[in-house]
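Please examine the structure below, first for a loop residue and then for the helices.

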Amino acid sequence: MSKKTLVQSFGNELPWLLLVAPAFLIYTVLTIIPLFHTFFYSFTNFNGLAPNPDFVGLDNYLRVFSTRAVSTSFSNSIVYAVAVPLIITLLAIPLALLLDSQMRTRHLQRAIFFFPSVISALFLGYIWNFVLSPSSQGLINSLLLSSGQRKMLLLADPKAAMALLILVTVWTSTGWHSCFYLANLQVIDQALYEAASIDGAGAMQRFRFITFPNLAPAMTISVLFLLLNSLKVFDLPFSLTEGGPGYATTMVTQSIITEGINSNRIGFASAMSIMFLALIALVTFFQVGVMSRREEKLA
Amino acid sequence: MRKKYTPTTLFTEFILLAVCIVFMVPIYYLFVSTFKTQREIVEAPLALPSSLNLVNYMRALETMDFFRHFFNSLLITSLSVILIVVLGSMAAYAIARRPNRLTKFLRSYFLIGFMVPLQTTMLPLFLIMKHLGLINTYQGLIFLHSNGAVFALFLYTDFIRAMPRDLEEASFVDGAGVFRTFWQIVFPLLRPVTATLVIFNTIWIWNDFLLSYLFLSSNDKSTLIMQVYNGVGLYFTDWSIMMPVLVLAVTPMIIFYIVMQRHIVAGLTAGSLRG
């Protein structure tokens with residue numbers, strides 16, 4: 001290629017490159033470079049201040065398993081990320097079916113169930129705190145006391161806190177997820193149902209053999225986002241329980257912030273971050289793999 | 001077959017309305033409590049207030065400086081959303097319309113980051129932002145939010161690929177450059193995606209807590225969400241202030257939801273939104 005055409009082709013490409021450049025720069029600075037930093041820090045004893053941290057090999061990674069507060073946060077996140085998607089999916093599908101019927105107030109009902117999705121999770125946590133507070137001014141406890149019963153520990157009960165956190169999460173997100181299914185229901189071929197009626201299929205059989213398999217595309221998206229958002233959750237447990245009582249509802253995100261930013265153990269917290277990334281990647285590949293196979297079967 | 005209103009429909013309608021009522025109890029409780037005295041809240045928590053007492057709201061407005069933080073949120077959210085839309089659509093145009101080795105590489109390059117959660121990058125980000133002196137500044141937080149352009153980029157790329165090229169080619173023949181063609185011809189055609197992105201990014205950025213908690217916690221510049229958090233540390237035991245503060249803080253998003261409801265549902269139903 002002669003020099004002239006090279007200059008010319010560069011001139012042709014330049015405006016296109018300028019279009020991508022800003023997004024490329026921002027993304028590189030905000031995602032790619034920090035990702036490498038985290039990876040590097042995770043093998044050091046970096047505290048955020050000392051310029052030349054020592055390499056400590058895999059020490060930080062091993063300490064994740066042996067530090068109780070931290071390993072608890074991982075197991076909490078996993079429990080939460082199993083329970084929340086499971087319960088929400090079991091509720092969102094029937095809710096979508098009901099909201100798809102000819103009820104006169106269906107639009108109002110959709111608006112009500114969807115409503116928590118537009119409110120900050122931090123606020124929702126505080127609002128539920130008024131309801132589930134262990135003090136006698138909380139809604140549940142004041143109702144119990146006024147009916148002559150003893151008040152309960154609720155959010156201060158280490159055994160109940162996680163279950164209550166899951167309950168509140170279900171309250172906040174089921175409406176949003178049933179919207180995915182509701183949208184999917186609109187595109188199922190009605191001829192399938194007619195054919196099934198002619199064959200004498202009952203309501204249960206129609207659900208099992210037509211509706212449920214045909215909801216696979218919505219399910220892929222919904223379950224993926226449920227899994228990822230449950231693993232990443234921060235605002236809601238933070239405002240509802242602050243991770244307590246003890247470490248009963250401390251999630252990985254909160255734990256990374258406490259270790260890395262509040263206690264300056266950047267190296268250690270970086271190892272947690274990398275393990276978290278591995279967990280996210282694993283879950284995504286597994287989930288997308290399994291779910292899209294269901295979709296292929298559909299096509 | 002499912003177009004009829006049967007007795008079963010009537011029955012489910014009643015049951016589901018009852019569920020709706022139970023569902024809204026926490027919100028109702030928050031709202032009615034704001035008009036009550038502390039004693040009234042404890043003695044009859046679910047009863048309607050005996051009078052429309054606005055004292056609590058007055059005290060809440062005094063303690064939280066509502067309008068200042070409302071405008072902080074508005075500033076941060078609107079500038080971030082504009083950046084996301086502008087940068088995301090521009091990059092998408094190049095990637096969708098100039099398929100060569102470089103843009104293909106860029107597409108995969110952006111796709112990697114899609115998977116990387118903030119949890120994995122926030123520690124170095126905190127140090128980088130501190131080094132650049134961008135902690136506790138509006139521009140710092142807006143810069144961080146603008147990374148949402150990557151998500152926008154993917155929605156736009158799919159949309160542009162499905163668009164006919166005729167208009168753009170005519171514009172190029174007329175001698176218009178890439179930038180002019182993009183802003184005058186292409187960008188207006190992207191409206192459906194832009195609308196969806198504006199609505200959902202507004203909700204996400206307005207409601208963001210993690211980023212502002214880490215990068216903008218100072219009292220005078222903080223967002224509405226962050227200011228409620230700051231207030232909680234001081235007033236959490238005094239529910240007669242906390243409850244009206246929350247009602248006030250929730251109001252902008254409720255209004256936004258009511259105004260945009262049709263578009264929100266449309267955005268979800270179109271399946272164009274994957275987040």
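A:Ser42 is buried, its relative accessible area being 0% (buried means under 20% relative accessible area, exposed over 50% and partly exposed in between, with a 1.4 Å probe and protein chains only). This serine belongs to the loop that joins helix H1 (3–41) to helix H2 (59–66) of chain A; helices are DSSP runs of H or I with at least four residues, numbered from the N terminus. Beyond its neighbours within four places in sequence, A:Ser42 is in contact with residues including A:Asn60, A:Tyr61, A:Ser270 and A:Ile274, where contact means heavy atoms within 4.5 Å.

The model is predicted: local features need pLDDT of at least 70, side-chain atom pairs count only at pLDDT 80 or more, and totals for chains, interfaces and linings use all residues. Residues are numbered from 1 along each chain as its sequence is written, chains are lettered from A and ligands numbered from 1 in the order in which they are written, and side-chain values use heavy atoms, without hydrogens and water.

In helix H11 (residues 178–189) of chain B, the buried residues are B:Val178, B:Thr181, B:Phe182 and B:Val186. B:Arg180 and B:Gln184, on the other side of H11(B), are exposed.

Conventions
Helix = DSSP H or I, 4+ residues; strand = E, 2+ residues; numbered from the N terminus. Expected span 1.5 Å × (residues − 1).
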